[in-house]
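User: I am new to this structure and would like to learn how to read it. Can you take me through it step by step?

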Amino acid sequence: MSVTTLTINGRLVSAAEGASILDVAREHDIHIPTLCHLDGLSEHGACRLCLVEVAGSSKLQAACMTKAVEGMVVTTDSERLRTYRRQIVELLLAERNHVCSVCVANRACELQDLAVSMGLHHVRYEPQAPQLAMDASHPRWIIDHNRCVLCTRCVRVCDEIEGAHTWDVMGRGRQTLVISDMNEPWGDSASCTSCGKCVRVCPTGALFEKGAVATNKDPHFVTYLRMAREQKLWNR
Amino acid sequence: MKAETMAQTITIEPVSRVEGHAKITIHLGPDGQVQDARFHVLEFRGFEKFCEGRHFQEMPAITSRVCGICPVSHMLASADAGDRLLAVEIPDTALRLRRVVNLAQIVQSHALSFFYLSSPDLLLGYDAPPAARNVLGLAAAHPEIARRGIRLRQFGQTAIELIAGKRIHASWAIAGGVNASLSAAARDQILAALPEAIETARLTLDWFRASLPSHDEEARTFGHFPTLFMGMVTPDGSLESYGGRLRIIDAHGRLVADQLDAAQARVLLGERVEPWSYLKSPFLKALGPDEGAYRVGPLARLNVAQRCGTPLADEEFARFRSLSAGPVLGSFHYHYARLIEILFGLERIGELLDDPSCLSTDVLARASRNRLRGIGMSEAPRGTLFHDYTVDEDGLLTSVDLLIATGQNNLAMNRAVTQIAKAYLHADRLDEGLLNRVEAGIRAFDPCLSCSTHAAGTMPLVVEVHDVNGATIGRIDRRA
């Protein structure tokens, strides 16, 4: 396998062919914030938190979606990037109804963690406060669209790992919603296997267990399942 | 009141050293004498509306945010309503632990009310300057009492934290039980702190009892009138704070209703809405808003119960009940009742935690929604608290009705203010000591108006006299 050499934050680093900037950075302990990315799932590039500067391009690039190229010069941390990332988190918080104090994911929420890591103590944008319904028709779980950040981890894990493809995305812009089957109540879904993977990968409190007052999602099972499957660990 | 040109209104705003924001207006008749007085609650929180559409199992955590002083009471009333929606009997240990936490809540809140908010009036006098008549002034004049009061509140808060995980806004009680069992170490820590707390309660009771003769006038004028009383009792009529049944008695001590569950009690109660306050006024429907006015809280609980059920509290209970041939009618004695409840709470916490079953890990009954309406209750420090939920088949709330203790005392508080104003206020004598008594009369009920606490200080008090056309004809401003 050929090796690519590039520069990240002034450091010369090497990358396997086809690796994304995010992969390379992580391999070299260079932190880039992410939200929609989850190890073991395909990349989606939705949240834009992993934006980086690439020399020679005036546009910012999503590190998860951009392949490392020979000779590339990448900056992962700058005032400009910090400003954009902070704005992204503020916009996410303003878009729907994120009330940490009464959320099951309080202290176990990736959106909250991002806000804390950025020292975000208030949101400058007017809260949109959409009136979104909850779907509690499933016997075990609830989807609360008020807390959804449209990262599509649930959609991808259901499709790529479970193979059910119960979840998908409907609508555009601020009308976008994650739906089950053909926008039917989750509890009526014929495709849902009630495996619960979607609940475990959700970075916020949008998908949660009925009766839970706190949640510890731990989505690392995805990499384990994928590795076990690829290495045929379960074949006798 | 007939609109006479001489009619006047005196306004006390904000009322200080209560939990929340309120004002008092005193309406004078043409003859300059007090005709009527009103206690206005100026806050609007909207929990009942914005909880619609949420799932009932989220409600204990959401409604604990109603209040920073009694979050436990809301959490437990909400969990009780949730138990009823699940239609399950919760495990014995869950009920035992919920009781302990509720008693710890009553102890800490009563300690706040008595030591931080009311004892400055009792110990420093109603005529002491406002700058000194607060918990800091108390610490300067009576350091031992202030220190013990603070430690007592700390006991209650620490017990809540050790059992429920957080002192304020815990998310521990859930529909079907509780989500964490108690460790032996936590139990031992609570039990080890009990003797000092009990000693504080006894010393304070000794002092308060000895000072009672000097408060004789307040006892007669701070809301001394007949009403009904409602409070929770055990099946044998002893004092209870959670998981019991309600009893209603009249001003002569006769049983009006007994052993009611929350749903049975709720249908007996009507609510009147006044245009001048956000606080609704509940009353016993069968008797109407005047005859049906009732009081809840420490005074009511000790009036409806036949005994406390713990040895030290029962000794004091006998002295308390000897104040009157029938129920104790003077609202000033809310203070006395509060102190007895602290002692009772501490003793009962010891009893409940001495039983090894408190450490069982069987603390949650699991079920799906099995009913469409659930009414739960707890005895909050200030009185009976109801949470009434109606849900759809998925468990999403279609209606939320929170009937809070302070609301149930609303009619009585208005009467108390009127009575105090009639006794102490005249249009030509607007001095502060007299107006302070009006505030202190309200404070005896320990009204909790929101999640905000003003424990450490005196808020500015403005009193205005208005004529019938709204023109200000007199004004006292403490900030001046």
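Analyst: Start with burial in chain B. Of its 480 residues, 53% count as buried. Keep in mind that this is a predicted model.

User: What does the secondary structure of chain B come to?

Analyst: Chain B has 16 helices and 16 strands.

User: How do I read its contacts along the sequence?

Analyst: Look at how far apart the partners sit in the sequence. Among contacts in chain B with a separation of 6 or more, 72% join residues 24 or more positions apart.

User: How should I read a sheet?

Analyst: Begin with the general idea. Strands of a sheet pair through backbone hydrogen bonds, in a parallel or an antiparallel sense. Now the case here. In chain B, four strands make an open sheet, ordered E8-E7-E6-E11, with mixed pairing.

User: Which strands stand at the edges?

Analyst: Strand E8 (255–260) and strand E11 (294–295) of chain B do. Each has a single partner strand, so one side of each is left without a neighbour in the sheet.

User: In what sense do E6 and E7 of chain B pair, parallel or antiparallel?

Analyst: Antiparallel. Strand E6 (residues 228–233) and strand E7 (residues 245–249) of chain B pair over five bridges. For one facing pair, find Met232(B): it stands opposite Leu246(B) in E7(B).

User: Now chain A. How many helices and strands does it have?

Analyst: Chain A has six helices and 10 strands. Next, its overall dimensions. Its radius of gyration is 19 Å, close to the 18 Å that the globule rule gives for 236 residues, so chain A is as compact as a globular protein of that length. Along the principal axes, its C-alpha atoms fill a box of roughly 55 × 55 × 30 Å.

User: What share of chain A is buried?

Analyst: Buried residues make up 37% of the 236 residues in chain A. For contacts in chain A with a separation of 6 or more, 63% link residues 24 or more positions apart.

User: Which domains does the assignment give for chain A?

Analyst: It gives domain 1 (3–77) and domain 2 (84–230). The contact between these two domains of chain A takes 15 residues from domain 1 and 20 residues from domain 2. On the domain 1 side, the residues divide into 10 nonpolar, three polar and two charged. The centres of the two domains of chain A, taken over C-alpha atoms, are 25 Å apart.

Note on methods
Residues are numbered from 1 along each chain as its sequence is written. Chains are lettered from A and ligands numbered from 1 in the order in which they are written. This is a predicted model: local features need pLDDT of at least 70, side-chain atom pairs count only at pLDDT 80 or more; totals for chains, interfaces and linings use all residues. Two strands pair if DSSP finds at least two bridges between them. Helices (H or I, at least four residues) and strands (E, at least two) are DSSP runs, numbered from the N terminus. The radius of gyration is taken over C-alpha atoms; the globule rule is 2.2 Å times the number of residues to the power 0.38. A residue is buried if 20 or more other C-beta atoms lie within 10 Å of its own, exposed if 12 or fewer, and partly exposed in between; C-beta atoms are placed from the backbone. Two residues are in contact if their C-beta atoms, placed from the backbone, lie within 7 Å. Domain bounds come from an automatic or database domain assignment. Ala, Val, Leu, Ile, Met, Phe, Trp, Tyr, Cys and Pro count as nonpolar, Asp, Glu, Lys and Arg as charged, and the others, Gly among them, as polar.
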